[in-house]
Each structure stands twice: as C-alpha cells, then as structure tokens.
Amino acid sequence: MAKPILVDNQKKHYYYMDILNIMATMAVLWLHTSEYAFEYKPHDPSWYISLIIQVVFIWAVPIFFMISGANLLNYRDRYDTKTFFKKRMLRVLLPFIFWSFIWYAWNHFVMHQDNWSIKGFINGIEYDTIQPIFWFFYFVIPIYIAMPFLSVLATKANKKVVTYIITLYVIGVGIINYGYMLLQRTPDQMVNNVPLVLSTGVGIFFIGWYLHTFEITKKVRYWLYAGTGLSIIFMILTTIVLSAIRGETVRDVYSVFSIGGFFIPLGIWAWAQHRFDITWQPSAKVATWLRKLSGVSLGVYVIHEFLIMIIEHVFSLSASSWVHLFILPLIVWLLSVIMILILQRIPVVKRLLP
C-alpha cells in the first residue's frame with residue numbers, strides 16, 4: 001500500500017506542514033464563529049449554513065494532532081528525551097497555564113462568572129472549566145508525556161505495529177465508541193479497557209507520522225479524498241436527521257473522534273502533501289511568511305476568542321448573521337496574527353506565545 005519516503009527528515013523543511021498549520025488555524029476560527037449551529041433552529045437557513053461550516057472545518061484540531069505526530073514521534077533522531085520535555089514544557093505547558101490564568105481572570109473581572117480564588121483556578125485547570133476550547137491541551141499534553149515510549153514504536157521497522165494501532169483506533173474509537181455515542185449508550189467495559197489506542201486520540205498522532213513517513217499511492221490518495229467527501233455528506237445529513245428527531249443539535253455526530261472525524265483530515269493532509277510535496281520550493285519571501293504564519297498558530301488559538309467576544313459586543317453582531325459566519329473569522333484571524341507577531345517581538349512575552 002505504501003512505501004517509505006526516502007528523504008532526510010532532519011534537514012528538509014516541509015512547507016506543506018506550514019500550509020496545513022495555517023489552514024487549520026483559520027479553520028478553528030471558522031468553527032468558533034459558526035457556533036450558531038449549536039442552537040437548533042430548523043426553520044432558519046443560517047442554522048444549516050452554520051452546521052455545514054461546522055462539519056466542513058471539523059478537521060482543524062485533528063490536523064494539529066497529526067502535525068505533532070509527524071514532527072515529534074521521531075524526536076529521538078534530533079535530541080534526547082530531556083530536551084524533548086524541556087521544549088514541550090516551554091512551548092505548550094507554560095502557555096497553557098499562563099493563558100488559563102488570563103482566561104480565569106477574564107471570566108471573573110469581565111464576564112462576572114467565577115469566584116476569584118486559588119482553589120477556583122486549580123479546580124478550573126483540573127476539570128477544564130476555564131476555557132472550553134482549551135480541551136485541545138488536555139489531549140495533547142498526555143500524548144507528550146507518553147511520547148518517550150510511543151516514539152519507540154514509531155519506526156519504519158515497526159510499520160505493521162503502527163498500522164495495527166491505527167486500525168484498532170479506527171475500529172474502537174471511530175466506529176464502536178462513535179456508535180455508542182450516537183445511540184446515547186455508555187461504551188461497554190471491554191471496549192473501555194482496551195489500552196492505549198482508545199485514549200487521547202493517539203491514533204490521530206500516529207496517522208500523521210505514518211502519512212509523513214510513508215508515501216501513499218495515487219489510488220490511496222483518491223480513496224482518502226472520497227472518504228473526506230463522503231464523511232462530510234454523512235455527518236451533515238445525519239446531524240440534520242438526528243437533530244430533527246431529538247429537537248436539538250446533535251453535535252456528537254460530527255465529533256473529531258468519529259469515523260468521519262478521522263477520515264476528513266486525511267483527505268486534507270493528502271491533498272496538501274501532494275500539492276506542496278518535498279520538491280516544492282517557494283520563493284524566499286513566501287517561505288519566510290509561511291514559517292511566520294505557521295509559527296503564530298498557538299498564539300492565535302489562545303487569544304482569538306477574546307477578539308470574537310469584543311467584536312460581537314462592540315458591533316452587536318448577531319451569531320446568525322452572514323457577517324458573523326463569513327467575514328468575522330477572516331477579520332479575527334488577521335487581527336490575531338498581527339497582534340501575535342507584534343507580541344512575539346517582546347522577549348518575555350514571546351515565551352508565552354511560542
């Protein structure tokens with residue numbers, strides 16, 4: 001099915017990953033400005049448009065996971081485990097704690113939601129109640145903790161083992177657990193007790209490493225495109241039908257931890273990897289900007305909700321308006337990028353916006 005890509009992973013810069021990073025960052029903003037889909041309004045065309053946007057861009061965070069898997073599962077080729085943890089602490093753990101605190105303060109002093117206390121902050125960190133979109137960190141940090149032994153598995157010699165892990169993940173998480181979720185039933189004890197592959201989205205990290213390491217054939221690439229298209233259609237139609245039956249938006253249908261949520265990012269990845277392959281070399285100016293825009297992704301992720309809230313309040317912007325659905329994400333992305341690029345020039349602040 002696939003053969004190793006014979007390239008030097010230590011020296012070559014993969015611009016397709018920069019492009020995927022930028023695309024995923026923008027996709028996150030489309031998701032967070034189309035949350036009108038959460039309000040079940042079957043007689044409002046804006047609800048259907050919001051729902052379509054939600055499904056079409058649901059691949060955003062899985063792409064981030066895949067990029068992490070592609071870049072980090074082979075970290076031993078570049079540095080030791082101590083260096084790996086130091087880098088992850090500075091790039092992810094420190095910003096997570098800092099921006100959780102900023103959001104905790106915002107919730108109290110601006111939104112008047114939470115009691116102000118050390119205990120309240122610790123509980124918020126522990127139970128992920130400070131900022132809902134930070135669920136991303138609660139999945140990626142455990143993977144980083146497990147990376148020293150996961151990286152031992154991720155070698156070309158262990159291709160069959162990695163394929164087995166991915167297959168179990170697709171069956172266990174994408175099909176079985178997804179089926180239980182749609183049926184509103186608790187997964188059975190046997191499924192819950194299958195180790196490793198059914199937790200923390202680990203299969204998505206491995207598929208990112210797999211697609212980056214092994215070249216797929218043209219036929220497989222087209223199958224992935226088809227899987228992406230069919231998954232989008234399936235999740236849109238199933239959400240509409242189940243929402244009509246239950247009288248509320250059934251968001252679980254287009255979960256990233258579903259069979260569709262698994263296949264959609266694969267088509268996006270395969271397209272970018274093929275279109276901007278290892279032979280593609282942008283001009284020096286374009287290359288610089290690709291790296292810059294890719295490098296602000298985490299910063300944009302942690303601050304963009306501030307801008308959405310402020311713009312909504314200042315302009316009394318309705319969540320169902322076309323401006324909110326189509327123009328706001330572009331404006332917020334542009335403003336976020338400008339702010340992060342400026343803040344990254346400040347030495348101390350740069351540590352908190354890597």
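Modeller: Ala, Val, Leu, Ile, Met, Phe, Trp, Tyr, Cys and Pro count as nonpolar; Asp, Glu, Lys and Arg count as charged; the others, Gly among them, count as polar. On that basis, the lining of the second largest pocket has 17 nonpolar, six polar and four charged residues.

Colleague: What kind of model is this, and which pLDDT values do local features and side-chain atom pairs need?

Modeller: This is a predicted model: local features need pLDDT of at least 70, side-chain atom pairs count only at pLDDT 80 or more, and totals for chains, interfaces and linings use all residues. Residues are numbered from 1 along each chain as its sequence is written, and side-chain values use heavy atoms, with hydrogens and water left out.

Colleague: What makes a space a pocket, and what makes a residue part of its lining?

Modeller: A pocket is an open set of points on a 1 Å grid over the protein atoms alone, where a 1.4 Å probe fits and protein lies on both sides within 12 Å along at least five of seven lines. Lining residues have an atom within 4 Å of a point. Grid points are joined across faces, edges and corners, and the volume is the space filled by probe spheres set on them.

Colleague: How much space lies in the largest pocket, and which residues are closest to its centre?

Modeller: About 1,400 Å³. It has 41 lining residues, and Asn21, Asn71, Arg88, Arg91 and Ser294 are the closest to the centre. By class, the lining has 17 nonpolar, twelve polar and twelve charged residues.

Colleague: Which helices each supply at least two residues of that lining?

Modeller: Helices H1 (15–32), H3 (60–72), H4 (81–109), H6 (135–153), H12 (284–295) and H13 (297–314). A helix here is a DSSP run of H or I, at least four residues long, numbered from the N terminus.

Colleague: And the second largest pocket: how much space lies there?

Modeller: About 690 Å³. Of its 27 lining residues, His32, Glu35, Phe38, Trp135 and Arg251 are the closest to the centre. H1, H4 and H13 are the elements that give two or more residues to this lining.

Colleague: Why is alanine 272 called buried?

Modeller: Buried means under 20% relative accessible area, exposed over 50%, partly exposed in between (1.4 Å probe, protein chains only). Alanine 272 has 0%, so it is buried. It lies in helix H11 (residues 259–275).

Colleague: What makes isoleucine 171 partly exposed?

Modeller: Its value is 39%, so it falls in the middle class. This residue sits in helix H7 (residues 159–182). Serine 258 is 87 residues away in sequence, yet the C-alpha atoms are 9.6 Å apart.

Colleague: How do you know that lysine 41 and glutamate 39 meet in a salt bridge?

Modeller: The test is a side-chain nitrogen of Lys or Arg within 4 Å of a carboxyl oxygen of Asp or Glu. This pair gives 3.5 Å, N to O, so it qualifies. Lysine 41 is partly exposed at 35%, and glutamate 39 is partly exposed at 39%. The structure holds one salt bridge.

Colleague: Why is the group with Phe101, Phe109, Val110, Met111 and Trp116 called a patch?

Modeller: Patch members need over 30% relative accessible area and no salt bridge; nonpolar side chains (Val, Leu, Ile, Met, Phe, Trp, Tyr) are joined within 5 Å, like charges within 9 Å. Valine 110 has 42%, so it clears the area cut-off. It is found in the loop between H4 and helix H5 (118–127). Together the five residues have about 480 Å² of accessible area, by the Shrake-Rupley method.

Colleague: Where are they, aspartate 128 and glutamine 184?

Modeller: Aspartate 128 is in the loop between H5 and H6. At 24% it is partly exposed. Glutamine 184 is in the loop between H7 and helix H8 (189–192). At 59% it counts as exposed.

Methods:
Areas by Shrake-Rupley, 256 points an atom, 1.4 Å probe, with all protein chains shown as cover.
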